[in-house]
Amino acid sequence: MYLPPHDPHVDDPMRFKPLFRIHLMERKCATVECMYGHKGPHNGHIQIVKKDEFSTKCNQTDHHRMSGGRQEEFRTWLREEWGRTLEDIFHEHMQELILMKFIYTSQYDNCLTYRRIYLPPSSPDDLIKPGLFKGTYGSHGLEIVMLSFHGKKAKGTKITGDPNIPAGQQTVEIDLAHPLQLPDIENLHDFSELSRIVQEVQEQIRREEQEKEHQQEEEDHSQQAASRPAAKPLGGEGAEGEETEAGAEGTTQEKAPASHPFVLPTGVISRNEDYPRTCRICFYGTGLIADHGFTSPERTPGVFVLFDDDRFGFIWLELKSFSLYCRIKVSFQNAEAPSREAFDEMLKNIQSLAT
């Protein structure tokens with residue numbers, strides 16, 4: 001397992017933690033060992049579930065227990081996961097979230113299901129290279145997000161989740177067709193000024209969507225009235241393709257590295273105060289927020305800030321919070337591990353031995 005660095009040091013490298021290992025021996029014999037806990041390797045099991053998915057099970061979960069009981073387990077987990085003690089965390093809400101995470105993760109005892117992650121394809125027109133990023137999420141600590149590009153949209157999908165927003169959800173969505181012109185550095189300190197700019201763009205997007213809906217209704221009426229198949233109307237798929245091309249072209253031009261002064265508005269909370277003080281470009285975007293258990297989810301307006309090829313940020317206007325993201329550049333320790341095909345074959349051999 002590759003864990004994110006300790007909060008809020010988003011620039012630090014990922015942390016490596018072995019969870020299980022497989023011994024392949026002569027005569028087609030194989031053993032699986034669980035590496036979880038602090039008492040050394042012990043008996044485990046691996047099973048293929050379906051394509052690109054397998055599960056692990058510990059057969060000796062008593063090896064995960066500590067002599068001091070759950071309190072000692074929690075204190076040890078807290079030092080490893082957060083790099084601090086509970087006494088260091090004064091924020092009551094943060095203490096609650098950390099305790100929830102411990103209860104949630106510890107109940108699995110390394111009996112887990114693994115699914116393969118397919119990284120997004122890269123295009124020369126992308127704003128930056130897509131991939132995996134570490135991001136600060138307030139009291140939730142650091143989480144992993146996958147950035148991908150889809151025409152005039154960019155999406156940040158959670159690879160790791162939390163009690164509010166689970167893994168697999170789009171945490172941020174960036175509208176690359178609507179860049180934001182931030183005020184000068186003196187006025188950027190004023191949160192109300194930034195809110196005004198975002199609201200104007202939000203209203204512009206609403207008007208454009210209404211115009212598209214109105215245009216689509218007119219086209220539908222025209223097609224219904226026609227006695228023969230109508231030619232593709234202006235503004236249809238062809239026009240959309242041209243618009244997308246133009247949008248991509250514009251985005252590529254915007255990619256030229258030009259630094260602009262940047263500072264967070266007064267009142268916006270950031271876990272990491274060491275964010276860049278210059279940026280290349282900003283876009284309108286939306287961020288997903290929800291109550292515990294992913295209840296009452298809603299998309300709220302925000303500002304996507306591109307700092308450089310490996311760092312970006314997102315200002316959550318409603319939360320008055322800032323998330324800083326840094327590209328994962330991990331050099332995987334098991335680079336000599338078997339290929340995907342070889343690993344799949346190894347799992348099949350273990351499965352056949354077990355049956």
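This is a predicted model: local features need pLDDT of at least 70, side-chain atom pairs count only at pLDDT 80 or more; totals for chains, interfaces and linings use all residues.
**Exercise 1.** Work out how many helices and strands the protein has, and what share of its residues is buried.

*Solution.* Start with the secondary structure: the protein holds six helices and 18 strands. Next, turn to burial: of the 355 residues, 37% are buried. Finally, take the contacts between residues at least 6 apart in sequence: 54% of them link residues at least 24 apart.

**Exercise 2.** Describe how helix 1 and helix 2 pack.

*Solution.* Two numbers are needed, because a pair of packed helices is described by the angle between the axes and the distance between them. For helix 1 (residues 69-82) and helix 2 (residues 92-106), the angle is about 110 degrees and the axes lie 11 Å apart. Angles of 65 to 115 degrees count as roughly perpendicular, so helix 1 and helix 2 are roughly perpendicular to each other. Now list the partners: helix 1 contributes residues including Phe 74, Trp 77 and Leu 78, and helix 2 contributes residues including Ile 98, Leu 99 and Phe 102. By type, the residues of this contact are eight nonpolar, two polar and four charged.

**Exercise 3.** Find how many disulfides the structure has, and decide whether Cys 282 is buried or exposed.

*Solution.* Searching the whole structure gives zero disulfides. For Cys 282, the nearest cysteine sulfur belongs to Cys 279 and is 4.1 Å away, whereas a disulfide needs sulfur atoms within 2.5 Å. As for burial, the cut-off is under 20% relative accessible area. Cys 282 has 3% relative accessibility, so Cys 282 counts as buried. Cys 326, at 9%, counts as buried too.

Technical notes: Residues are numbered from 1 along each chain as its sequence is written. Side-chain values use heavy atoms; hydrogens and water are left out. Helices (H or I, at least four residues) and strands (E, at least two) are DSSP runs, numbered from the N terminus. Buried means under 20% relative accessible area, exposed over 50%, partly exposed in between (1.4 Å probe, protein chains only). Contact means heavy atoms within 4.5 Å. Axes are lines fitted to C-alpha atoms, for helices over the stretch in contact, and angles run from 0 to 180 degrees between N-to-C directions. Angles under 35 degrees count as roughly parallel, over 145 as roughly antiparallel, 65 to 115 as roughly perpendicular and the rest as oblique. Ala, Val, Leu, Ile, Met, Phe, Trp, Tyr, Cys and Pro count as nonpolar, Asp, Glu, Lys and Arg as charged, and the others, Gly among them, as polar.
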